[in-house]
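Student: I would like to learn how to read aromatic pairs and pockets in a structure. Could you take me through an example?

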Amino acid sequence: MLNIALPKGRLGDKVYDMLASIGYDCPGYYEQNRKLVFESPEKNVRYLLVKPSDVAIYVEHHAADVGIVGKDILMENKSDVYELLDLNIGKCRMAVAAPEGYVEDPDRTLRVATKYVNVAKDFYAKKNRDIQIIKLNGSIELAPILGLTDVIVDIVETGSTLRENNLKVIEEFQDISARFIANKTSFKFENEMISKMLKELGEQIK
Ligand code: PRP
């Protein structure tokens, strides 16, 4: 049976619908309950509902064979998995943003708030820019408003969170979307099933 790690929430539901439409449906998935595991012995699949930021951890450690995860999480975790397919959904951008009217002083250490510590470090290392990172776990936009940091590094989808908090994008530096990933050992030993799923998913992509 192939173990599939799905991110809990809207993206996971969308991916489940894609997989169900190509024959990997699973009874009970849409029942309103707190179950985290759904399986279909006939279809040979088991779905594991995990926190979006944990999908790559389950796959890397072989608790799941394959998974669906945002490129932002893959970049941040530097996960040792195979990235097999860009699903072209869950699209957004990784960006630097700051309050309207902010002007950077290049002589001072830049204070950066983010959930994506590694992504931010790598981005500024390439620019040789001295930074101090404040790691937050959500509502990142508050940090520069309160003067906790100068800028944020975060994902921007519609841009409305930035707009409604009087922040502006300074630089967008990475396109993000959902990726189909596989555990390296599973890819070797479950290759037939994973390759079949990969091909069928590929045909679904718009
Ligand atoms: C994400 C991100 C931004 C927002 C961007 O936050 O951190 O705050 O979405 O989307 P937008 O451009 O469409 O407004 P999320 O909703 O995950 O909540 P969080 O603040 O708890 O991280």
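This is a predicted model: local features need pLDDT of at least 70, side-chain atom pairs count only at pLDDT 80 or more; totals for chains, interfaces and linings use all residues.

Student: By what is a pair of aromatic rings described?

Tutor: Two things are used: the distance of the centres and the angle of the planes. In this structure there are nine aromatic pairs. Take Tyr 16 and Tyr 29: their ring centres lie 3.8 Å apart and their planes meet at 5°. Planes under 30 degrees apart count as stacked, so this pair is stacked.

Student: Where in the chain do Tyr 16 and Tyr 29 sit?

Tutor: Tyr 16 belongs to helix α1, which covers residues 10-21, while Tyr 29 is in the loop between α1 and β2 (37-40). The two are 13 residues apart, and the pair links distant parts of the chain.

Student: Is Tyr 29 buried or exposed?

Tutor: The cut-off for buried is under 20% relative accessible area. Tyr 29 has 8%, so Tyr 29 is buried. Tyr 16 is buried as well.

Student: What kind of aromatic pair do Tyr 29 and Tyr 30 form?

Tutor: That one is edge-to-face, with 5.0 Å from centre to centre and 85° between the planes. Angles over 60 degrees fall in that class. Tyr 30 has a relative accessible area of 44%, so Tyr 30 is partly exposed.

Student: Now for the pockets. How much space lies in the largest pocket?

Tutor: The largest pocket holds about 1,100 Å³. Its lining is made of 38 residues, and those nearest the centre are Pro 52, Asp 72, Lys 115, Tyr 116 and Ile 155.

Student: Which element supplies the largest share of that lining?

Tutor: It is α3, with four residues. At least two lining residues come from each of α1, β4 (66-70), α3 (71-77), β9 (151-156) and α6 (160-164). Sorted by class, the lining has 14 nonpolar, 13 polar and eleven charged residues.

Student: What is the volume of the second largest pocket, and how many residues line that pocket?

Tutor: The volume is about 240 Å³, and 13 residues form the lining. Here we meet Tyr 29 again: together with Asp 13, Glu 31, Asn 33 and Leu 49, Tyr 29 lies nearest the centre of this pocket. By class, the lining divides into five nonpolar, three polar and five charged residues.

Key: Residues are numbered from 1 along each chain as its sequence is written. Side-chain values use heavy atoms; hydrogens and water are left out. Rings of Phe, Tyr and Trp (its six-membered ring) pair if their centres lie within 6.5 Å; planes under 30 degrees apart count as stacked, over 60 as edge-to-face and the rest as tilted. Buried means under 20% relative accessible area, exposed over 50%, partly exposed in between (1.4 Å probe, protein chains only). On a 1 Å grid over the protein atoms alone, a cavity is a set of points where a 1.4 Å probe fits but cannot get out, and a pocket is an open set with protein on both sides within 12 Å along at least five of seven lines; lining residues have an atom within 4 Å of a point. Grid points are joined across faces, edges and corners, and a volume is the space filled by probe spheres set on the points. Ala, Val, Leu, Ile, Met, Phe, Trp, Tyr, Cys and Pro count as nonpolar, Asp, Glu, Lys and Arg as charged, and the others, Gly among them, as polar.
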